[in-house]
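Please look over the sequence and the model shown here before reading on. The paragraphs that follow go from single residues to the chain as a whole.

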Amino acid sequence: MRKNSIKNTRVNTEVQRELSNIIRAGIKDPRVAPWTSVVAVSVAPDLKTCKAYISVLGDEKAQEDTVKGLKSAEGYIRRELARSLNMRNTPEITFVLDQSIEYGVNMSKKINEITRDLDMDGEQDAE
């Protein structure tokens, strides 16, 4: 199976959907933040390994605790994934913290600050 084939894209989508359901409903670990979302999933073409990019809403400590909690629950997550998906191999999951949403929020805040400062400068010039 090629990396960007239709089958691989479909497998990535299904794994992402089931993984987010398992994290949302199945994990009782208090370290895992309630606002944890699976941003993207990349399953290897041989279906042996999988990288799950997760985003956590919260401070840095909450993000680190969530990654630790997910790594400790990896066996449970993998077992539930095998139950819900009919695949020959259940991939080993590696959780990667994705900071792109946080980066986007920070950039939009900075843009808003700059445009607000420019608007204030324009109002002062008009007076």
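Valine 11 touches Val43, Leu47 and Met87 when residues up to four places away in sequence are not counted, a contact being taken as heavy atoms within 4.5 Å. Valine 11 lies in helix H1, which covers residues 6–25; helices here are DSSP runs of H or I with at least four residues, strands are runs of E with at least two, and both are numbered from the N terminus. With a relative accessibility of 16%, valine 11 counts as buried, given that buried means under 20% relative accessible area, exposed means over 50%, and partly exposed is in between, for a 1.4 Å probe and with protein chains only. The C-alpha atom of valine 11 is separated by 9.5 Å from that of leucine 85, although the two residues are 74 apart along the chain.

The model is a predicted one, in which local features need pLDDT of at least 70 and side-chain atom pairs count only at pLDDT 80 or more, while totals for chains, interfaces and linings use all residues. Residues are numbered from 1 along each chain as its sequence is written, and side-chain values use heavy atoms, with hydrogens and water left out.

One of the contacts of valine 11, Leu47, belongs to the loop that joins strand S1 (36–43) and strand S2 (49–56). Leucine 47 has a phi near 60 degrees, which is a positive value in a residue other than glycine, and its relative accessibility of 15% places it among buried residues. Helix H1 also holds threonine 13, but this residue counts as partly exposed, at 38% relative accessibility. Between the C-alpha atoms of threonine 13 and proline 34, which are 21 residues apart along the chain, the separation is 22 Å.

Strand S2 includes valine 56, a buried residue with a relative accessible area of 6%. Its contacts, leaving aside neighbours within four places in sequence, are Ala33, Trp35, Thr36, Ala62, Gln63, Thr66 and Leu97. For alanine 33, 23 residues away in sequence, the C-alpha to C-alpha distance from valine 56 is 7.0 Å.

What does the side chain of glutamine 63 have 3.4 Å from one of its polar atoms? The atom is the backbone oxygen of valine 56, and a polar contact is defined as a pair of N or O atoms within 3.5 Å, where within protein one must be able to donate a hydrogen and the other to accept it, and where residues adjacent in sequence count only if both atoms are side-chain atoms. Glutamine 63 has its place in helix H2, residues 60–72, and is buried with a relative accessible area of 5%. Apart from neighbours within four places in sequence, glutamine 63 is in contact with Val56, Gly58, Leu97, Gln99 and Glu102.

Helix H4, residues 100–126, contains serine 100, which is partly exposed at 40% relative accessibility. Serine 100 and valine 39 are 61 residues apart along the chain, and their C-alpha atoms are separated by 9.4 Å.

For the protein as a whole, four helices and three strands are present, and along the sequence they follow the pattern α-β-β-α-α-β-α. The radius of gyration is 20 Å, well over the 14 Å that the globule rule gives for 127 residues, so the protein is more spread out than a compact globule; the radius is taken over C-alpha atoms, and the rule is 2.2 Å times the number of residues to the power 0.38. The C-alpha trace spans about 70 × 35 × 20 Å along its principal axes. Of the 127 residues, 30% count as buried. Among contacts between residues at least 6 apart in sequence, 62% join residues at least 24 apart.
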